[in-house]
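Please look at the sequence and the structure below, and then read the briefing that follows, which is arranged by topic.

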Amino acid sequence: MTGVPFAPPEASNFAREIDALFYALLAFSFALGLFLTVLVIRYAIKYRRGSGANRQGKRMRNLPLEVAWTSSSLVVGIVLFGWGAELYMQRFHPPTNALHILGVGKQWMWKFQHPGGQREIDELHVPVDEPVIVELASEDVIHSFFVPAFRVKQDAVPGMSTNVWFTATKAGTYDLFCAEFCGTAHSAMAGNLVAMTPQDYAAWLEKQPTVDSPVAEGAALYRALGCSGCHEGRGAVRAPDLRNIFGHPVALANSSTTIADTAYIRDSILDPDKQIAAGYAPIMPAFAGLIGESELMDLVAYIESLSDKGAPS
Amino acid sequence: MTARAIQPHSYLGEDWGIAAWLTSTDHKRIAWLYFVAITAFFFLGGSMAVLIRAELVTPAGDLVSDDNYNRIFTIHGVVMVWFFLIPSVPATLGNFLLPLMIGARDLAFPRLNLASWYVFVGGSLFTLFAILMGGIDTGWTFYTPLSTMFANGWVTTAIAGVVIVGFSSIMTGINFIVTTHTLRAKGLTWFRLPIFVWTLYATSLILVLATPVLAAVLVLLALDRVAGIGIFDPALGGDPLLYQHLFWFYSHPAVYIMILPGMGVVSEVIPCFARRPLFGYTTVALATIAIAVFGFLVWGHHMFVSGQSAYAGLVFSLLSYCVAVPSAIKVFNWSLTLRKGEISFEAPMLYALCFMALFTFGGLSGLFLAALAVDVHLTDTYFVVAHFHYIMVGGMVTAYMAGLHFWWPKITGRMYPELPSQIAASILFVGFNLTFFPQFILGFLGMPRRYHAYPAEFQIWNDLSSAGALLLAVGYAMPLFYLGWSIFRGAPAPDNPWGATGLEWQTSSPPPAGNFAQTPVVDRPPYDYELPEGLE
């Protein structure tokens, strides 16, 4: 980087739009700040004690003026709210064809796994011009996935599934930080986000050691942990068939219905009694504390892959 | 000594033994006890800030270890928030002035007032003990599960101190509320009260309503840590985000505890030095209450990327813009008060003008953080650090300095030296902006807060900030010397050196132990600067 930096690079689909609002806010603040500064300095000089300025027509209040500035402050506030809210809501609607990457924060590193199983630590390689969604979890304390050049940030909270999505628009190497204070080496929990052309990304994936994909690892766990015994209907115990569960509505024992999203599947593994599927006995053991975050993500990835709504792998 | 301005009947003149000071129930003496305590904490917290800025001069973490750096900024935050900012104006200037401003002989519960100081000191001993024994490294926010399951320091001891100090806040709050309701002089109706009294009243409401929630959440945290009850532990079915909700339910209103009294101070100073009634008095009074009420409804704006629901984010963003409106109104009112005035620029006025500029900057930067999508980028970066330092240090501490100089003649019976004070105010303004403005840029560039080491591209702005901190330290150290000097050598102060209108100026400087020789009767509106005053 040459010279004195004033702004971070704009390298994602969000960056330009968020910057537009940022600079609008900056212009508004500058204008209002300048107006007030000039006003106060002008009064301070003109009405300094002993000056000969005309002081006729003093007023202690001016109702129309007060109503005007109160209502215009409110209008400005509502406009800023609406503008910020509209952009914010995009965070919650990732494209359905996004590339799924698993990210786990732990003191003090970021671990990532690509759909093909390739793993990396404190570095994340992504293709440009392709939406990417990073599923986040934490193995210990709260961390926060932050890429300033992309204007995205999301906390990784223990016991919870969160995600962040973006489309990189410019190839390059950018800062990746942990933004939520996480203990001793918090500032060392940083690395690089490398955005590459799709060809370079494919070539990079090729060069990584071959390992099982999260779905394949999840499938192995599914058998090793005995899930298949009940859920595939061959054992004595009856449990719901998990094919085509993800993304579909599930009828619950309490007569409500929920969409089986990632959080639902996660919770149903960790604490099955929380939401019992209608028509089944609450007999599944809870897996909370028995499996790690990475295994849990693999297992969820496998169950999601059994559905027509699952991510294309 | 014989020429001292302190008359034998003044509250300072009665008995100078240590025991007399430590057992006095006179609100004016208790104000001094608080003043000594919080000044010590201010310089303790300030020295931690100097260490932080020294570490950040170079990108590598080479001055102190990472663990020590984390302890240093935690001590800075804990000490500055709970042991300086929260009690600052209310417990010192508020304690001294509230009875004087409403024409009362003391607060409603003088012994409760003294007890609150002992509770404050008792609580602070816990926290100081925790610091001396090796400190804590959780940040002042004590986020779970870092603070419950992963931190090794003296977390339980430190939060015990914070909980205990909270009771002192509650005692002061109750005392102020009852005093304002019951001890106003004859004729002093609510809409004749000085804005400073309105702000103390609003602050007290927040202290009484919000502090118990802090106590509750910190006790839960301690139980989680000590007994493993799992309220915030996901492995036991707990929820780390619940901690954040409860913590900010207190800590966001606490921000208004830390700024409303400052707004009250400048609402006294500006009319006095402009010799004009406060513009839109009723609106400012009502805006004060509006800020206190809305302040309770915006805590979730600290959590836009925490994983809370998108719709919660929407509601909290909208309400955050609503709470900005009464603050904006106040800035407009202070500005218009200057119009057609007779303005002079003694130190209190310079500090008040600094407050207006810095508070406005801080408030405008809040608009960025309330904008949801922009906050996603800026939260947990130096932009937030700059924002709240503009409000709490640029705003509250500057207002505190304005008030200290303004009422110094009344409190001590001595004038402070004018020129050094004006120089200190100017140094503060320049030093403050040099310290904190670069942090806005650092935040936009993406530098996260609480970083012991950082990428080299951020260095230039960190160095400017650290240089500013040196200047700022000079600006804060100067008053310690010249105000200290003036207690013994300052010119004796007349009863009303500024020709101000408040009741506190109608009694002698310093006031007698019972405040007023004759209980005043009020028949005039506040800030009645239009009538010819017996000035100079």
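The contact takes 71 residues from chain A and 71 residues from chain B, where two residues are in contact if their C-beta atoms, placed from the backbone, lie within 7 Å. This is a predicted model, in which local features need pLDDT of at least 70, side-chain atom pairs count only at pLDDT 80 or more, and totals for chains, interfaces and linings use all residues. Residues are numbered from 1 along each chain as its sequence is written, while chains are lettered from A and ligands numbered from 1 in the order in which they are written.

**The side of chain A that touches chain B**

- α2(A) gives the most to this side, with 15 residues.
- The residues of this side divide into 43 nonpolar, 15 polar and 13 charged (Ala, Val, Leu, Ile, Met, Phe, Trp, Tyr, Cys and Pro count as nonpolar, Asp, Glu, Lys and Arg as charged, and the others, Gly among them, as polar).

**Chain B as a whole**

- Chain B has 17 helices and zero strands (DSSP runs, with H or I over at least four residues for helices and E over at least two for strands, numbered from the N terminus).
- Of the 536 residues in chain B, 63% are buried, which requires 20 or more other C-beta atoms within 10 Å of a residue's own, with C-beta atoms placed from the backbone.
- The C-alpha atoms of chain B fill a box of roughly 65 × 45 × 45 Å, taken along the principal axes.
- Among contacts in chain B between residues at least 6 apart in sequence, 84% join residues at least 24 apart.

Notes: A residue is buried if 20 or more other C-beta atoms lie within 10 Å of its own, exposed if 12 or fewer, and partly exposed in between; C-beta atoms are placed from the backbone.
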